[in-house]
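Q: Could you walk me through how side-chain contacts are read from a model such as this one, beginning with the aromatic rings?

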Amino acid sequence: DVLSSGKNKTCPNHEAEREDWDDLTEDEISCLISKGWDEDSWECGWQDEEYLSKWSELTSDQQAHLVTYRWTEETWDKAWDDPCERDPRTSSMDDFPPIKVKIDAPEIQNLTMDKLGTIYEDVNIRLVSGGYHSENFLGESSLGEFIAGVKEGDTRYYVHLEESMEEKRMLQEGIGNKILGHLKNAISSNPILRERNIWNKEFDDFDEDLFDWAMFVGAKNAQTSMHYDDDLLNFLYLVEGKKRIVIIPNDNITDSMYDVQLNEDQGTGWVNEDILDPNFNLPESAADLIIEAGEGIAIPYLAWHAVENLEPSTAFSLRVIEA
């Protein structure tokens, strides 16, 4: 017996004899991950009854787990007769259209290019292309030299510090902890984000190691091409400049439209489509937004998105990674 993922893969049946996680095939693991499993929950088996129960029959812990994956009681019970009919790892249309909000984070607003270029002048960082499809590293520079070039109009390169990059670890003590603490407080206390459940109340009780940060610095016209991230929350806050963001729901309609190159180590998938091109035919459900300094936006869970600097820009993000 198998559960179909809806993407031509099969999962081990949770009622069948359980194999160790390490003994599962890549397709089986991929399918299980797509349904909210991870190695720990698979091995301990706490979710065994989850797919057999309606929402009212789940424990509060199980409901909380599903809520972080954007399930609601309505959508869960609708899919209950066939849990594989709807993949939980898709964007929820409840998150569309995404909204931009003013964020009060004065402790971070002074972390401009000038400030970063001064305090981290000699820190070496890797550069990516400032143009379309920019996830590949192209060279190295000191942060001071890079920022000086950006201020002079150099659009060739772009800097992003995220995930487990060595440069990010070097900045952790100086600004990383500051970004994490102050941005988390600013976002979690924002009434609009709480009301819309963008800041899920379950996040209040998450361990500190489930929160992460990232930094993005680039000249005008620098781009990050189309991709999705699997963070439970991915909030982008702009310190200076102006950005255009195009966001498309990652749902049953768009799932088969794009050829995805997965990067499982970073929890992302890249797509070779230039949705920032003015001539690209965006789906009706897409959002095309501009954010300015002091504003932020939550990228909906797993949503396709691409970003373009309309002015030289510095931005930070707060992420809640999967528990």
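Q: How many aromatic pairs does a search of the whole structure find?

A: Rings of Phe, Tyr and Trp (its six-membered ring) pair if their centres lie within 6.5 Å, with planes under 30 degrees apart counted as stacked, over 60 as edge-to-face and the rest as tilted; the search finds four such pairs. W199 and F203 make an edge-to-face pair, at 5.3 Å centre to centre and 85° between the planes, and together with F206 and F211 these residues form one aromatic cluster. This is a predicted model, in which local features need pLDDT of at least 70 and side-chain atom pairs count only at pLDDT 80 or more, while totals for chains, interfaces and linings use all residues. Residues are numbered from 1 along each chain as its sequence is written, and side-chain values use heavy atoms, leaving out hydrogens and water.

Q: Which side chains meet R319 and E162 in a network of salt bridges, and are R319 and E162 buried or exposed?

A: Side chains of opposite charge can pair when their charged atoms come close. A salt bridge here is a side-chain nitrogen of Lys or Arg within 4 Å of a carboxyl oxygen of Asp or Glu, and R319 and E162 meet in one at 2.9 Å, N to O. E163 is linked with both in a network of salt bridges. R319 counts as buried because its relative accessibility is 4%, and E162 is likewise buried at 13% (buried means under 20% relative accessible area, exposed over 50%, partly exposed in between, with a 1.4 Å probe and protein chains only).
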